[in-house]
Amino acid sequence: MFVSLTAADVPPASPEIRRLTPAVLIAVLSTVGVVVSLMQTLVIPLIPSLPTLLNTSASNASWVITATLLAGAVSTPISGRLGDMFGKRLVLVANLGFMIVGSVVCASFSTLVPEIVGRSLQGAAVGAIPLGISIMRDELPAEKVGAAMAVMSATLGVGGAIGLPFAAVIAQNADWHVLFWTAAGLGIVCAALVLFFVPESPVRTPSRFDFGGALGLSIALLALLVGITKGADWGWASASIITLFAVSLFSFLAWGAYELRQAAPLVDLRVSARPRVLFTNIASIAVGFSLYGMSLTFPQLLMAPKETGYGFGLSMVVAGLAMAPTGLVMMLLSPVSARLSAKKGPKLTLGLGSAVIGLGYLCAVVMMDSVWQIMLASVIVAGGVGLAYAAMPALIMGAVPITETGAANGLNSLMRSIGTSTSAAVMGVVLAHMTMQVGAYTLPSRAGFHTAFFIAMAGAVVAIVLTACIPVRKSD
């Protein structure tokens, strides 16, 4: 039988655990975060070959990517709530188990349906990141929590950044199934590290799981994200897309009304409606939107043929290596963000990070003539993302009770996912419609990339405005 604990009731960790965990715990959980987020970019090098590899159409093959995004969005808030109820380490290990099983399924088959199933299971592991943030708040000494949460939060971007060169090298030099066997191996290592080094948090919220809330949120999110990710393929004005958005809107409204009547809801909407939480979450959507612009546009710029007049003709591996410094910058700036948040408040850090993101895209607009210029712009954007992502947990954690940290962080990660998926759809439409002809190939035009950069810049400006609306506490 679980015992409900509040922040005041939580006993201090034993001296042995305190001596063991601060540095090791941060390293283990950050490694888990990088590995889990790496799954999002694992198959990007295979995109052109997926229809042939899976013996299907390009439209069907795209579900191998979409499935991961959808599963991650649905599982993240659910994982956070289950962690609050039954133990964060337990649910974290379960998430890694899903990733391992999904990787083995993908590695064992070469047809569409098993790959979609496996990639969905891989996507379900994304909930490990908000769980890791919550474990850090529960287990670490107060003076280390800020920097640790900042590093863990940044892994969402770091894993995606290093995933491209990592996956490209393997895909170019080995059978494509090796990608998934490698992912399974990484998952096993991470699960072992968590079981060996991470203590189970004593903070619990005993209650019955809100199955109705989980089902309603899943339906609403699936309808929304399928509509966003497939709008360009199916037509934004098509009956299918309009129906999906209508179903999503109705489901969200019905879900919200249902949650407000529950004693132990999946997502406490009353807490989520607090201005500090609400504006942070909406700003997270805008930051996630701006982040994905870098992931989608810069590699295409680097790999575009020189005949376009703007491209550099780099291979996937070389382009991935050119983008790899972005992950390092995000990780290095995470503790800087934590120190700045401690001195000046996380609101200022989030606003500063959003401004730096906008500056990076402005640099991309005016500097597209050499590889180093693209790398510089990407590093600036990544620096802004590192500052902004690392500030978000501090804003959220300061506004929710300790017994709801898992669910609150899960919801914040969900907001970021909605931002990135929306960005993928919008940027994809822009680059698909603003094109030029190079021989037999249709490629995005320079104007298309400029438009994408300006849209991403607008997302950063929106994030700044929303950050300004976040109430300031005396402690900030």
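Predicted model: local features only at pLDDT ≥ 70, side-chain atom pairs only at ≥ 80, totals over all residues.
Figure 1. A disulfide needs two cysteine sulfur atoms within 2.5 Å. The structure holds zero disulfides. Cys190 is buried, because its relative accessibility is 2% and the limit for buried is under 20%. Cys363 is buried too, with a relative accessible area of 15%.

**Figure 2. Helix α6 and the helices around it.** Helix α6 covers residues 112-123. With 12 residues at 1.5 Å a residue, helix α6 should span 16 Å, and its end C-alpha atoms are 16 Å apart, so the two values agree. Which residues of α6 are buried? They are Leu112, Pro114, Glu115, Gly118, Arg119, Gln122 and Gly123. These buried residues pack against α2 (50-54), α3 (58-61), α4 (63-86), α5 (88-108) and α9 (177-197).

**Figure 3. Thr68 in helix α4.** Thr68 belongs to helix α4. With a relative accessible area of 5%, Thr68 is buried. Beyond its neighbours within four places in sequence, Thr68 is in contact with Met39, Arg119 and Gly123. Arg119 and Gly123 are also among the buried residues of α6, and α4 is one of the helices that the buried residues of α6 pack against.

**Figure 4. The second largest cavity.** Rolling a probe the size of a water molecule over the atoms shows where empty space is left. The structure holds two cavities of 30 Å³ or more. The second largest cavity has a volume of about 50 Å³. Which residues line this cavity? The lining is made of Gln40, Thr68, Leu69, Gly72, Ala73, Val126 and Ser417. Helix α4 gives the most to this lining, with four residues. Sorted by class, the lining has three nonpolar residues, four polar residues and no charged residues. Thr68, shown in the previous figure, is one of the lining residues.

**Figure 5. Asn55 in a loop.** Asn55 is found in the loop between α2 and α3. The phi angle of Asn55 is near 55°, a positive value in a residue other than glycine. Most residues other than glycine have a negative phi. Is Asn55 buried or exposed? At 74% relative accessibility, Asn55 counts as exposed, the limit for exposed being over 50%.

**Figure 6. Ser30 in helix α1.** Ser30 lies in helix α1, which covers residues 15-38. With a relative accessibility of 8%, Ser30 counts as buried. Not counting residues up to four places away in sequence, Ser30 touches Met136, Val151, Met152 and Thr155.

**Figure 7. Pro265 in a loop between two helices.** Pro265 sits in the loop that joins α11 (239-260) and α12 (269-272). Pro265 is buried, its relative accessible area being 11%. What does Pro265 contact, leaving aside its neighbours within four places in sequence? The residues in contact with Pro265 are Arg81, Asp210 and Glu259. Pro265 and Arg208 are 57 residues apart in sequence, while their C-alpha atoms are 9.2 Å apart in space.

Methods. Residues numbered from 1 in each chain as written. Heavy atoms only, no water. Expected span 1.5 Å × (residues − 1). Buried < 20%, exposed > 50% of the residue type's maximum accessible area, 1.4 Å probe, protein only. Contact = heavy atoms within 4.5 Å. 1 Å grid on protein atoms, 1.4 Å probe; cavity = no way out; pocket = protein on both sides within 12 Å on 5 of 7 lines; lining within 4 Å. Points joined across faces, edges and corners; volume = space filled by probe spheres on them. Nonpolar A, V, L, I, M, F, W, Y, C, P; charged D, E, K, R; others polar.
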